[in-house]
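Here's a quick briefing on how the inside of this model is packed. Have a look at the aromatic rings to begin with.

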Amino acid sequence: MFTRAYIETRKNSIYQAHLQGQPGLQTCEQLTALADEVIEKIARAVLQSVESQIVVLALGGYGRGELNPFSDVDLLLIFDKESAKIQEAIRQLIRALWDCGLEVGHQTQSISQCVQLSQEDWVTRTTVLEMRRLFGSQELMLELENALRRQVLAGDQQAFWQAIIRAAEERHKKYGGSPQLLEPHVKEGVGGLRDLHTLLWLYRSNSNFYSEFHIRQQRCSSIAGFLQQLYNTSIILASEYDKLLNAFEFLLRVRNELHFLKGNKFDLLEYGLQRTIAQHLGYQDEAEHLGVETFLREYYLNARSIYHAYLILSEKLSRYKSTVEPSGVKFRKFLAPGIYLGEDATIYPESDSVEVFKQRPLLLMEVFYWCKCYHARLSEFLRQTISHFAHTIDEAFRTDPAAFAIFEKILSHPEDLGRILRIMHELEVLDNYIPEFSALTALAQHDLYHYYSTDEHTLLAIENIARLVTEEQDQTKLRQVFLEIKYPEVLFLGMLFHDIGKVKRQNHAEEGAKITAKILDRWNLYGERRERIIFLVRHHLEMEQIAFRRNFDELPTLREFAALVGDVENLKMLYLLSYGDLSALNPNIWSEWKSILLWDLYLKTRDYLTGGYRESGVRIKELQLLIQEIQKQSKQEISAERIENHLRGMNSNYLQTFDERQIAEHLDLIAQLMSRAEAKSPEKKAAIAFYDYKTHWGVTVVTQDKPFRLAEICGVLSVNDLNIFSAQIFTRQDGIVIDTFQVTPISEHLQFDEIKQRDLREDLEKVLSGQEDLRTLFQLHQRRWRRRKLKRSGRPAEIRFDNQISSEFTIIDVFTDDSVGLLYRLAMAMSKLKLDIRSAKISTRVDQVADSFYVLDANGQKIVDQKRQEEIRQQLLRATQTEF
């Protein structure tokens with residue numbers, strides 16, 4: 001009999017062959033053969049006395065002959081008549097298998113029970129379609145086969161097919177809706193192995209394709225055999241067969257590597273594993289692309305091939321009759337000779353569609369315009385025909401003004417636009433019409449920020465903008481701006497091309513502008529629209545960078561951005577493009593706070609461009625009116641002289657950052673601080689106010705300036721589980737500090753209630769008064785923080801200095817992985833370096849941060865000395881690497 005050592009030795013031999021590059025299917029077949037050998041020999045020894053009364057069947061991946069290293073080994077044991085002898089024999093079989101190290105799952109059923117379960121549960125019926133005989137009574141197997149054929153598979157299969165397809169749709173939605181995600185699921189994801197399994201079930205349950213159901217007895221791969229049958233019966237072409245078989249092989253090899261690497265059944269291609277898997281599978285870094293990015297692109301392309309085949313074949317295989325045209329269509333609206341719209345809102349070709357497309361090449365563009373106009377879908381045969389003819393698109397077609405005119409009409413209105421462009425991309429019409437776009441197909445960027453491949457991100461961005469008008473969303477500001485733009489097609493072309501330069505690793509925006517200009521030359525598109533499209537591509541990153549990383553309340557920053565934009569029309573489109581781009585990067589990127597910042601920058605820039613912006617430096621008459629409004633907003637009586645002294649003691653950005661109500665609140669807090677000082681309350685070293693803005697919380701701290709004050713406040717906010725994403729730091733000439741923070745909780749379950757505010761106030765007052773050592777608070781929270789698992793990007797931290805954009809301050813940009821207490825450590829390091837932090841923009845992108853600090857040196861000057869900058873850089877890099 002077998003021993004654990006024997007099985008482990010055989011598995012290790014298979015693993016070594018995998019490491020040497022053995023094809024994925026061959027590895028699965030060897031694992032299947034090993035399981036068969038063990039089960040058959042043990043069953044023969046243990047079940048010999050009841051062999052005529054029982055049959056052992058393999059299920060699932062084992063039944064298909066495609067066993068991955070740690071996949072379930074599932075058995076179904078069918079008995080003739082239940083008896084104590086049979087049950088004891090089955091117990092001995094399972095015990096013997098487990099004793100030798102083969103972990104199996106098993107079910108025992110009679111024929112009638114198997115039939116009943118298959119009738120009641122569609123999932124059970126799919127296992128029936130995959131089962132394979134291992135051992136036992138041939139007669140009993142034939143009896144089961146006949147019963148299933150007559151009582152389960154001979155009836156109306158429509159409900160079964162609908163259940164299968166509905167489950168696939170739900171599964172696709174659950175696993176991200178795209179085959180091109182940051183962390184795809186190799187088995188259950190879109191374009192994963194389960195899509196091929198689903199097609200197999202449809203095929204084997206449809207007697208129009210699969211003549212008669214039989215329980216398999218051969219060990220060969222079900223999916224490989226199924227694909228061969230599709231090709232043999234001309235359901236797919238030779239090129240499609242090769243593509244699908246290669247994709248199936250590729251996914252099996254990736255899944256094998258995942259199982260071997262993790263040592264268990266694990267099918268999620270996790271970010272942290274991708275680089276190792278790529279190396280194990282032989283992918284090396286090159287000048288233009290990392291090895292892991294090449295690997296991911298191959299994964300995406302193969303998963304995409306499976307998904308596109310699924311979309312076409314699932315429709316074909318879930319019909320009772322295999323015909324080009326549907327039977328019984330009463331209404332036909334002819335759109336062109338040989339092409340018509342059916343009553344089911346589907347566009348069909350007549351029988352000889354090949355000749356139709358040969359005679360009228362523009363149909364390759366027209367059919368998508370009709371699809372959009374009539375909210376129609378394309379029949380599976382028409383999709384196949386278009387996919388075949390997409391490769392006939394040549395330079396003459398690309399430069400044809402008639403083709404561009406149709407494409408322009410498709411882009412001119414947002415309704416259904418995302419769906420149409422996605423179909424054009426799936427059928428490779430978009431890629432052949434714009435070859436430069438095909439370079440983005442399945443293009444991966446291996447970082448946590450980019451959740452989708454570049455082409456998927458682009459199409460999703462267009463969909464998100466189009467939905468502003470066509471769907472009910474709480475995006476009224478964005479919708480209103482969209483309705484005001486002159487050229488919707490310009491915006492959508494800008495969106496389509498905004499990342500087209502990413503084939504080059506450096507400066508993709510500038511590279512994209514050059515590529516876009518060549519495309520527009522081909523279309524003979526010149527003048528205003530051309531310039532605006534190129535502007536959008538070249539500057540598509542500018543607005544978000546200014547909004548999230550710069551203090552645009554500073555007039556020089558706003559003036560420079562307004563000069564870049566040029567006019568309000570460009571501003572509107574850049575605002576919309578920024579939303580589309582950000583909302584399609586990662587499900588966790590777009591937030592209400594980012595929406596507020598972008599909108600604020602949009603309004604200020606629009607006002608500046610139209611002459612309505614109020615610059616700092618108020619005249620005497622305006623100052624008097626401002627003082628009066630602040631007095632109205634204040635909760636206490638306050639003299640005009642005190643307000644004026646306060647305003648003159650702040651720098652010029654103060655009035656641009658805060659309105660009259662906020663300034664009045666600051667003065668009220670300063671009054672509280674002064675009254676405590678007069679009362680000589682040592683424990684009350686700060687006046688604190690909290691604000692609940694629904695989308696985020698506000699914390700304002702007024703205190704006396706001293707070294708490490710900002711770091712202390714940031715530290716207290718950290719230990720109270722608050723993420724700081726923006727901060728404004730102002731110091732009055734007399735040393736009064738007004739620090740305002742915008743924060744969000746690290747957990748959605750954390751409530752900003754009176755209890756939380758009380759705890760936060762107590763911690764701030766104790767730390768700022770010296771009653772509590774901040775390090776003690778950190779130690780109390782360390783254990784909880786260690787449970788927070790943050791993913792690492794694998795990229796080194798980076799520190800940059802900018803002395804150009806601000807006339808008053810040096811801007812220090814910090815790019816690094818997020819970690820607990822990071823802002824505290826950075827502020828502490830800057831304080832030790834005697835840097836005066838005047839404001840900060842804290843931008844978190846998934847688990848990476850892009851923080852910007854506006855600073856001066858100890859003498860109130862910008863930091864221009866290169867040696868001093870390098871010293872600061874090294875200290876800040878150390879701060880990013882030190883964790884609690």
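Two rings of Phe, Tyr or Trp (its six-membered ring) count as a pair if their centres lie within 6.5 Å; planes under 30 degrees apart are stacked, over 60 edge-to-face, and the rest tilted. By that rule there are 27 aromatic pairs here. This is a predicted model, where local features need pLDDT of at least 70 and side-chain atom pairs count only at pLDDT 80 or more, while totals for chains, interfaces and linings use all residues. Numbering runs from 1 along each chain as its sequence is written, and side-chain values use heavy atoms, with hydrogens and water left out.

**Aromatic pairs**
- F497 and W523 make a tilted pair, because their ring centres are 6.1 Å apart and their planes sit at 35°.
- F497 is in helix α24 (residues 488-497) and W523 in the loop between α25 (508-522) and α26 (528-538), so the pair links parts 26 residues apart in sequence; helices are DSSP runs of H or I, at least four residues, numbered from the N terminus.
- F497 and W523 are both buried, meaning under 20% relative accessible area with a 1.4 Å probe, protein chains only.

**Nonpolar cores**
- A nonpolar core is a set of buried Ala, Val, Leu, Ile, Met, Phe, Trp, Tyr and Cys residues joined through side-chain atoms within 4.5 Å.
- The largest has 106 residues, and I347, F368 and F407 touch the most other members.
- Helix α29 (residues 568-583) is its top contributor, with 8 residues.
- A second, separate core has 76 residues, including V152 and I277.

**An enclosed helix**
- Helix α22 is largely enclosed by the rest of the structure, because 14 of its 17 residues are buried.

Notes: Buried means under 20% relative accessible area, exposed over 50%, partly exposed in between (1.4 Å probe, protein chains only). Helices (H or I, at least four residues) and strands (E, at least two) are DSSP runs, numbered from the N terminus.
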